[in-house]
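Open the model in your viewer and keep the selection tool at hand.

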Amino acid sequence: MDLVKLASETAIEKREHPSFKAGDTITVYYKIIEGNKERIQQYQGVVLQCKGSGLTQTFTVRKISNGVGVERIFPLYSPKIDKIVVDKRGIVRRARIFYLRGISGKKARIEERKS
């Protein structure tokens, strides 16, 4: 009973982010706190999946760094996310595009949606 009251008092604000889905290339501006310093780091990559609903919604972003694929999972409503920018809209026919993990080079290109 007390937990329900506590959860409603400390309501997390839902921030407005642009709509994106799997196949889109996005840039996530993420706050990094090192000691008493704070800076914003950019993480640009392709969205592999969007998962969950409500405040627990997450999305996975994959990028290639020095020839190695790096994936990172972000909570959509994290207070550490400063902003999200959609760079390109991609044409894919799946909600989860994990097949990108097994291919590289020109095969891994995603066609851009004209809008």
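**Stop 1: the largest pocket.** This is a predicted model. Begin with its largest pocket, which holds about 270 Å³ of space. Select V46, R62, K63, I64 and A108: of the 13 lining residues, these are the closest to the pocket's centre. Now colour β2 (37-51) and β3 (58-65), as each gives at least two residues to the lining. Which strand supplies the largest share of this lining? Pick β2, with four residues.

Stop 2: Move to a space of about 150 Å³, the second largest pocket. Select H17, P18, S19, L76 and Y77, the closest to its centre among 13 lining residues. Its lining splits into six nonpolar, four polar and three charged residues.

**Stop 3: the largest nonpolar core.** The largest nonpolar core has 14 residues. Select F20, I26, F59, F74, I81 and I84, which touch the most other members. Two or more residues come from each of β1 (25-34), β2, β3 and β5 (81-88). β1 gives the largest share, four residues.

Zoom in on I84. What does I84 touch, leaving out residues up to four places away in sequence? Show H17, P18, F20, I26, T27, F59 and L76. Two of these names, H17 and P18, also belong to the set closest to the centre of the second largest pocket.

**Stop 4: β1 and β2.** Switch to the cartoon view. β1 and β2 run antiparallel, joined by 10 bridges. Select I32 and find R39 of β2 opposite. Then go to the turn. The hairpin of β1 and β2 has two residues between the strands, and G35 takes a positive phi near 65°.

**Stop 5: β2 and β3.** Follow β2 onward. How many bridges pair β2 with β3? Five, in the antiparallel sense. Select Q49 and look across to T60 in β3. This hairpin has six residues between its strands. End the tour at G52 in the turn, where phi is positive, about 90°.

Note on methods. Residues numbered from 1 in each chain as written. Predicted model: local features only at pLDDT ≥ 70, side-chain atom pairs only at ≥ 80, totals over all residues. Heavy atoms only, no water. 1 Å grid on protein atoms, 1.4 Å probe; cavity = no way out; pocket = protein on both sides within 12 Å on 5 of 7 lines; lining within 4 Å. Points joined across faces, edges and corners; volume = space filled by probe spheres on them. Nonpolar A, V, L, I, M, F, W, Y, C, P; charged D, E, K, R; others polar. Core = buried A, V, L, I, M, F, W, Y, C linked by side-chain atoms within 4.5 Å. Buried < 20%, exposed > 50% of the residue type's maximum accessible area, 1.4 Å probe, protein only. Contact = heavy atoms within 4.5 Å. Pairing = 2+ DSSP bridges.
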